[in-house]
Amino acid sequence: VHAIRQCPVNMQPHLYNNIVIIGGSSKFQNFKERIIKDVRSCAPDEFNINVYRPEDPIVEAWKGGQLLGGWPGYHSIRVTKSEYEDSGPSVCAKKLYDSIPVGNT
């Protein structure tokens, strides 16, 4: 919820409605229900809360990385070790934000 609140207000309803839980912990009994309950207690009442757990949440992060690595624009947003060492974490946000198209798309 803290991360969602840091995003632009117009994006927040979409983020609350599209929460994805992955990893081995997401397979704990009632984990999804607990996440829904916890998020619902902190989120504005007018926002829908939707939590999705993929069928195999353990490999889902790997699948996402595989898709990202195969994306043609990946090379423009990747951060090398030397770039990170030179500029710190801010280089990650800069590269990502610089890759987002601005205007009517």
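Colleague: Which residues make up the largest nonpolar core?

Modeller: This is a predicted model. Its largest nonpolar core has 10 residues in all. They are Ile4, Tyr16, Ile19, Ile21, Ile35, Val39, Ala43, Phe47, Ile49 and Val51.

Colleague: What makes such a set a nonpolar core?

Modeller: Two things are needed. The residues must be buried, and they must be joined through side-chain atoms within 4.5 Å. Buried means under 20% relative accessible area.

Colleague: Which residues does Ile21 contact, leaving aside its neighbours within four places in sequence?

Modeller: The list is Ser26, Phe31, Lys32, Ile35, Val51, Tyr52, Arg53, Pro54 and Pro57. Two of these, Ile35 and Val51, belong to the core as well.

Colleague: Take Ser26 from that list. Why is Ser26 called buried?

Modeller: Its relative accessibility is 1%. The cut-off for buried is under 20%. So Ser26 counts as buried. Ser26 sits in the loop between β1 (19–20) and α3. Not counting residues up to four places away in sequence, Ser26 touches Ile21, Phe31, Arg53 and Pro57.

Colleague: Asn30 is in that loop too. What is its phi?

Modeller: Asn30 has a positive phi of about 65°. Yet Asn30 is not a glycine.

Colleague: Now Gln12. How do you know that Gln12 is buried or exposed?

Modeller: Compare the value with the cut-off. Gln12 has 10% relative accessibility, and buried means under 20%. Therefore Gln12 counts as buried. Gln12 lies in helix α2 (residues 12–16). Beyond its neighbours within four places in sequence, Gln12 is in contact with Ile4, Arg5, Cys7 and Phe47. Ile4 and Phe47 are among the core residues.

Colleague: And Tyr52? Why is Tyr52 called partly exposed?

Modeller: Its relative accessible area is 47%. Buried is under 20%, exposed is over 50%, and partly exposed is in between. So 47% makes Tyr52 partly exposed. Tyr52 is in strand β2 (residues 51–52).

Colleague: Which residues make a nonpolar surface patch with Tyr52?

Modeller: Val20 and Ile22 do.

Colleague: How many salt bridges does the structure hold?

Modeller: It holds 3. Side chains of opposite charge can pair when their charged atoms come close.

Colleague: What makes Asp38 and Arg34 a salt bridge?

Modeller: The closest N and O atoms are 3.5 Å apart. The limit is within 4 Å. So the pair of Asp38 and Arg34 qualifies as a salt bridge. Both residues lie in helix α3, 4 residues apart, about one turn of the helix.

Colleague: What about Lys95 and Glu83, how far apart are their closest N and O atoms?

Modeller: They are 3.0 Å apart, in a salt bridge. Lys95 lies in helix α7 and Glu83 in helix α6, so the pair ties together parts that are 12 residues apart in sequence.

Colleague: Why is Lys95 called buried, and why is Glu83 called partly exposed?

Modeller: Lys95 has a relative accessible area of 19%. Buried means under 20%, so Lys95 is buried. Glu83 has 24% relative accessibility, so Glu83 counts as partly exposed.

Colleague: Where is confidence lowest, and where is it highest?

Modeller: Helix α7 (residues 90–99) has the lowest, at a mean of 83. Helix α3 (residues 31–42) has the highest, at 97. The chain averages a pLDDT of 90.

Colleague: Cys42 is in helix α3. Which residues does Cys42 touch, not counting those up to four places away in sequence?

Modeller: Cys42 touches Val1 and Arg5. Cys42 and Arg5 are 37 residues apart along the chain, and their C-alpha atoms are separated by 10 Å. At 37% relative accessibility, Cys42 counts as partly exposed.

Notes
Residues are numbered from 1 along each chain as its sequence is written. This is a predicted model: local features need pLDDT of at least 70, side-chain atom pairs count only at pLDDT 80 or more; totals for chains, interfaces and linings use all residues. Side-chain values use heavy atoms; hydrogens and water are left out. Buried means under 20% relative accessible area, exposed over 50%, partly exposed in between (1.4 Å probe, protein chains only). Contact means heavy atoms within 4.5 Å. Patches are made of residues with over 30% relative accessible area and no salt bridge: like charges are joined within 9 Å, nonpolar side chains (Val, Leu, Ile, Met, Phe, Trp, Tyr) within 5 Å. Accessible areas come from the Shrake-Rupley method with a 1.4 Å probe; for residues, only the protein chains shown count as cover. A salt bridge is a side-chain nitrogen of Lys or Arg within 4 Å of a carboxyl oxygen of Asp or Glu. Helices (H or I, at least four residues) and strands (E, at least two) are DSSP runs, numbered from the N terminus. pLDDT is the predictor's confidence in each residue, from 0 to 100.
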